[in-house]
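Please open the structure in a viewer and keep the selection tool at hand.

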Amino acid sequence: MPIPDDFAARLLPILDDLATTYGTPFHVYDARGIVATHRELVAAFGDAGHKQYFAVKALPNPAVLKLLLAEGSGLDCASATELTLAARVGATGDDVVFTSNNTHVPEYRQALDAGAVVTFDDRSFLDRADELPATVAFRMSPHGSAAGSGLMGDTAHSKFGVPVAELAASYREAARRGATRFGLHGMTCANELSAERAARAATDVFATGAQLAEAGIELDYVNIGGGLGIRYRPEDVAIDLADWAAAVVAARDRHFPDRAPRILTELGRIVTGPHGVLVSRVINRCRKGREVVGLDASMSALMRPALYGAYHHISLPFVGGRPESPFDVVGGLCENMDKFALDRALPDPRPGDLALIHDTGAHGQAMGFTYNGRLRPAELLLTEAGEVVEIRRAETFDDYTATVCWEPAPVLTAGVAR
Ligand SMILES: Cc1ncc(COP(=O)(O)O)c(C=O)c1O
């Protein structure tokens with residue numbers, strides 16, 4: 001989907017200069033848009049007892065995390081590194097939820113010491129944890145409407161969560177180990193654009209929570225995870241956040257008429273996704289069975305098209321009036337899947353043109369990697385005041401080799417670790 005009008009109106013007049021003086025490629029994010037979407041999300045729940053924790057994995061840049069923290073958002077972390085990042089930007093105690101899987105005891109310890117709201121992804125962790133948090137929550141495996149999605153898998157095959165049939169016993173075990181307060185986590189959807197479907201999946205989580213309440217496990221909160229979608233394709237219809245939140249709150253109140261648990265969300269994509277764009281330059285144009293356009297960015301800056309066949313809108317903002325025809329748009333990595341688009345109608349791209357890849361504000365740069373020495377680009381932020389600030393420089397050869405031991409040293413000498 002083309003970037004929101006307000007972002008375009010503030011970015012496009014300065015983009016040519018910016019790209020020329022700073023150099024491409026880079027991601028640029030819109031602070032105003034990110035804050036506005038966060039506020040819209042919070043307003044949709046009103047005073048229903050809700051807290052949003054931004055999924056750090058979507059855009060783990062300190063400047064963006066601080067922006068959201070200042071708006072009252074919490075942070076959702078899934079690894080020790082994300083926990084450390086959250087601490088570094090000032091998120092403390094229950095401003096952090098820790099929703100990991102295949103968890104290492106030391107990272108659980110780190111979350112516990114930070115006072116984070118911890119979710120256990122598997123029941124066995126109760127045995128491995130030497131100490132339980134004040135409130136024990138389990139993630140339920142995909143169930144009901146959430147089951148069967150390609151991204152999360154079904155109950156029998158998902159790597160995530162505790163099977164619903166084992167939940168009550170898991171909470172009883174936690175209570176036996178001293179837990180007195182409880183929460184429930186259910187990741188309800190993935191890139192879902194239907195408010196009705198997303199709310200139905202959340203309803204399934206509340207229904208499970210209500211069954212637990214009947215079994216004597218009172219829930220303080222239900223975390224319905226992330227997964228709301230954004231309009232990647234121009235023809236997509238945006239999810240109505242107000243409709244979705246109203247249906248979620250109604251479902252919560254229906255299932256818990258007497259004592260309503262708080263609602264937690266850990267949304268990432270919808271908060272930052274549309275408010276980012278990857279700015280690159282056309283460096284090549286050739287014919288290889290089909291017309292090919294080469295950019296100076298590659299999948300190291302945006303994996304989603306290669307990984308999921310995901311659609312990202314591409315535009316050439318300054319070429320006006322050229323006729324459109326189909327092109328494959330590629331990066332320079334030695335992988336045939338390093339393609340941003342196949343058969344995409346574009347206006348006769350020529351070397352030197354700026355090409356924008358839209359909707360890169362979530363799960364974009366964050367999923368990048370450095371295979372083939374194709375390094376990750378910079379991240380810039382367009383501030384509310386209209387300034388463009390650098391919030392991560394582009395990687396360099398020194399970054400690429402920062403972990404290299406140029407003078408290899410033994411780690412095992414005569415069978416003894418150093
Ligand atoms: C446990 C969990 N929470 C939250 C999210 C954020 O999802 P999204 O960015 O689609 O809202 C994810 C995404 O992978 C997740 O796995």
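Predicted model: local features only at pLDDT ≥ 70, side-chain atom pairs only at ≥ 80, totals over all residues.

A residue is counted as near a molecule or strand if its C-beta atom, placed from the backbone, lies within 6 Å of it. Select the ligand and the residues around it: 14 residues surround the ligand, and the closest are Ala55, Gly226, Glu266, Gly268 and Arg269. This shell divides into six nonpolar, five polar and three charged residues. In this classification Ala, Val, Leu, Ile, Met, Phe, Trp, Tyr, Cys and Pro count as nonpolar, Asp, Glu, Lys and Arg as charged, and the others, Gly among them, as polar.

Residues are numbered from 1 along each chain as its sequence is written.

**The two domains**

Next, colour residues 31-272 as domain 1 and residues 274-396 as domain 2; such bounds come from an automatic or database domain assignment. The centres of the two domains, taken over C-alpha atoms, are separated by 32 Å. To their contact, domain 1 contributes 17 residues and domain 2 contributes 19 residues, where two residues are in contact if their C-beta atoms, placed from the backbone, lie within 7 Å. On the side of domain 1 that touches domain 2, the elements giving two or more residues are helix H2 (31-45) and helix H10 (269-272). Helices (H or I, at least four residues) and strands (E, at least two) are DSSP runs, numbered from the N terminus. H2 gives the most to this side of domain 1, with four residues. By class, the side of domain 1 that touches domain 2 has nine nonpolar, four polar and four charged residues.

Two packed helices are described by the angle between their axes and the distance between the axes. Axes are lines fitted to C-alpha atoms, for helices over the stretch in contact, and angles run from 0 to 180 degrees between N-to-C directions.

The crossing of H2 with H3 is right-handed. A crossing is left-handed if the near helix is turned anticlockwise from the far one by less than a right angle, and right-handed if clockwise. Show the side chains of Ala31, Ile34, Val35 and His38 in H2 and of Val64, Leu67 and Leu68 in H3, which make the contact.

Now select helix H4 (residues 80-88) and helix H5 (residues 105-114), which pack at an angle of about 25 degrees with their axes 9 Å apart. H4 is therefore roughly parallel to H5. Their crossing is left-handed. Ala80, Leu83 and Ala87 of H4 make the contact with Glu107, Gln110, Ala111 and Ala114 of H5.

**Two backbone details**

Most residues other than glycine have a negative phi, and most peptide bonds are trans. Which bond joins Thr24 and Pro25? A cis peptide bond joins them, with omega about -5 degrees. Pro25 can be located in the loop between helix H1 (5-22) and strand S1 (26-30). Finally, select Asn102, in the loop between strand S4 (96-99) and H5. The phi of Asn102 is near 50 degrees, a positive value in a residue other than glycine.

Note on methods. Parallel < 35°, antiparallel > 145°, perpendicular 65-115°, else oblique.
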